[in-house]
Amino acid sequence: MTSKPLKQIHLAAHFPGVNNTTVWSDPKAGSHIEFSSFAHFARTAERAKFDFLFLAEGLRLREQGGKIYDLDVVGRPDTFTVLAALAAVTEHLGLTGTINSTFNEPYEVARQFASLDHLSGGRSAWNVVTSWDAFTGENFRRGGFLPQEERYSRAKEFLATANELFDSWHGDEILADPARGVFLRDAKAGSFVHSGQHFDIHGQFNVPRSPQGRPVVFQAGDSEEGREFAASSADAIFSRYAALKEGQAFYTDVKNRLAKYGRRSDQLLILPAASFALADTDAEAEDLAREVRRQQVSGATALKHLEFVWNRDLSSYDPEGPLPDIDPDVSADHISKGRAQVRMYRDPLATAREWRELAAANNWSIRDLVINTGNRQTFVGSPTTIAKTINDYVQADASDGFILVPHITPTGLDDFADKVVPLLQEQGVFRTDYEGSTLRHHLGLEHPDAADDRAAS
């Protein structure tokens with residue numbers, strides 16, 4: 001009986017930015033806007049031989065009760081500007097950016113990604129997302145809001161149109177013959193025509209074929225439409241299922257969808273986000289995890305989080321005291337704007353009852369409840385424990401790797417790079433050096449030209 005070959009683990013780094021993982025109040029925390037923070041983070045990821053760095057997107061500052069939600073780190077520089085700057089201070093690391101398909105136009109986005117691919121020598125990747133709320137759309141023309149089914153319809157056509165633009169150059173058009181004075185072999189290079197439900201454009205794309213042909217495409221949706229979109233069109237999916245059983249179920253479901261689109265299992269990578277608490281021993285790591293969790297959920301943060309469910313101003317309540325005895329306001333207008341978390345609580349009254357029962361059974365305060373019901377670190381332990389757990393999850397097909405989200409910026413990845421990565425390398429499940437120059441090579445993905453040639457044969 002032959003044993004299953006060891007899978008190679010894919011690792012990436014998510015620059016924390018604006019999210020509930022970040023502990024900006026920690027003395028070790030630095031700026032989330034100064035370029036030195038991005039550069040340090042990227043260089044650490046590259047030193048560890050990670051596949052790529054990932055930037056999320058924030059198109060509007062979140063609000064609560066009509067005011068900017070200042071308990072998060074606020075402000076996020078433009079994705080393309082940051083990634084282009086990082087291309088100059090790294091040599092191998094992939095550069096992945098989240099760009100919205102609801103508010104942008106295919107020509108502009110394709111031009112930006114093709115340019116980034118040239119600047120970086122073939123390291124660009126695009127996380128294709130859709131908008132979910134009219135609040136964010138107020139920053140854009142048309143209000144930017146679309147029903148869910150139309151958002152994915154637009155996203156699919158957006159990506160297909162961008163691919164037509166990328167493919168409008170084949171790669172052999174530039175002759176550059178000084179003796180004949182001929183630069184282009186084909187004067188119609190870059191010509192395109194697209195007519196569809198959402199886009200009706202024609203012209204000439206003005207960026208020649210880039211090293212990867214097309215950027216690597218990520219997708220982050222978890223709905224039925226999102227899973228189908230990923231199975232049909234994405235190279236990797238940014239999953240939220242980092243626990244073993246849930247991860248295996250998601251992995252199996254999405255991978256099983258590939259065949260109907262004529263794709264193989266290895267043509268879509270599944271990479272959950274994962275946080276971690278790393279210390280010299282497992283016991284010390286458990287202590288660190290508890291400390292970090294309390295840093296992440298201050299009293300003020302706990303009250304704000306409870307407002308997601310109660311949809312009321314709870315600032316007069318003591319976060320170290322009991323839960324409110326009033327019921328949530330279930331009116332349509334929500335106190336929290338721009339936060340996806342509010343969608344998690346489909347039935348606020350039922351959630352409030354459940355939380356009151358938990359608090360009573362465990363003698364929890366408001367803050368205790370939020371700490372214990374919120375996100376926890378995915379991996380907690382010594383370097384040996386975390387390395388083993390990551391490898392066990394990947395070999396058990398719970399994922400193809402992980403996108404790590406440290407709680408400190410920009411140095412939060414340093415210990416992982418120095419202490420966990422060498423153990424994975426010793427086990428033979430993670431590279432000791434880069435073997436190729438493009439992100440597609442790091443991820444084991446075919447160049448689109450090769451895939452097209454194979455499909456045509």
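Let's start with Pro410. Pro410 sits in the loop between β17, residues 401-404, and α13. Keep in mind that this is a predicted model. What is the peptide bond from Thr409 to Pro410, cis or trans? The bond is cis, and its omega is near 5°. As background, most peptide bonds are trans.

Helix α13 covers residues 414-426. Its partner here is α12, residues 383-395. Two packed helices are described by the angle between their axes and the distance between the axes. For α12 and α13, the axes come within 9 Å. They cross at roughly 55°. That angle makes α12 oblique to α13. As for handedness, the crossing of α12 and α13 is right-handed.

Which residues in α12 meet α13? On the α12 side we have Pro383, Thr384, Ile386, Ala387, Ile390 and Asn391. They meet Phe416, Lys419, Val420, Leu423 and Leu424 in α13. Sort the residues of this contact by class, and you get 8 nonpolar, 2 polar and 1 charged.

Helix α1 runs over residues 35-47, and helix α2 over residues 79-87. How far apart are their axes? The axes of α1 and α2 are 10 Å apart, and the two helices pack at an angle of about 55°. So α1 is oblique to α2. The crossing of α1 and α2 is right-handed.

Look at the side that α1 brings to the contact: Phe35, Phe38, Ala39 and Ala42. In α2, the residues they meet are Val82, Ala85 and Leu86. By class, the contact of α1 with α2 has 7 nonpolar residues, no polar ones and no charged ones.

On to strands. β7 is residues 174-177, and β8 is residues 182-184. In which sense do β7 and β8 pair? They pair in the antiparallel sense, over 2 bridges. Ile174 stands opposite Leu184 in β8. The hairpin of β7 and β8 has 4 residues between the strands. In that hairpin, Gly181 takes a positive phi near 70°.

Stay with β7 for a moment. Ala176 lies in this strand. Its phi is positive, about 50°, although Ala176 is not a glycine. Most residues other than glycine have a negative phi. Is Ala176 buried or partly exposed? Ala176 is partly exposed, because its relative accessible area is 41%.

Another residue with a positive phi is Asn311. Asn311 is not a glycine either, and its phi is near 55°. Where does Asn311 lie? Find Asn311 in the loop between α9 and β15. Asn311 counts as buried, because its relative accessibility is 6%.

Last stop: Asp318. Asp318 lies in the loop between α9, residues 299-310, and β15, residues 336-337. With a relative accessible area of 48%, Asp318 is partly exposed. How many residues apart in sequence are Asp318 and Leu303? They are 15 residues apart in sequence. In space, Asp318 and Leu303 are 8.3 Å apart, C-alpha to C-alpha.

How values were computed. Residues numbered from 1 in each chain as written. Predicted model: local features only at pLDDT ≥ 70, side-chain atom pairs only at ≥ 80, totals over all residues. Heavy atoms only, no water. Axes fitted to C-alpha atoms, helices over the stretch in contact; angles between N-to-C directions. Parallel < 35°, antiparallel > 145°, perpendicular 65-115°, else oblique. Left-handed = near helix turned anticlockwise from the far one by under 90°. Contact = heavy atoms within 4.5 Å. Nonpolar A, V, L, I, M, F, W, Y, C, P; charged D, E, K, R; others polar. Pairing = 2+ DSSP bridges. Buried < 20%, exposed > 50% of the residue type's maximum accessible area, 1.4 Å probe, protein only.
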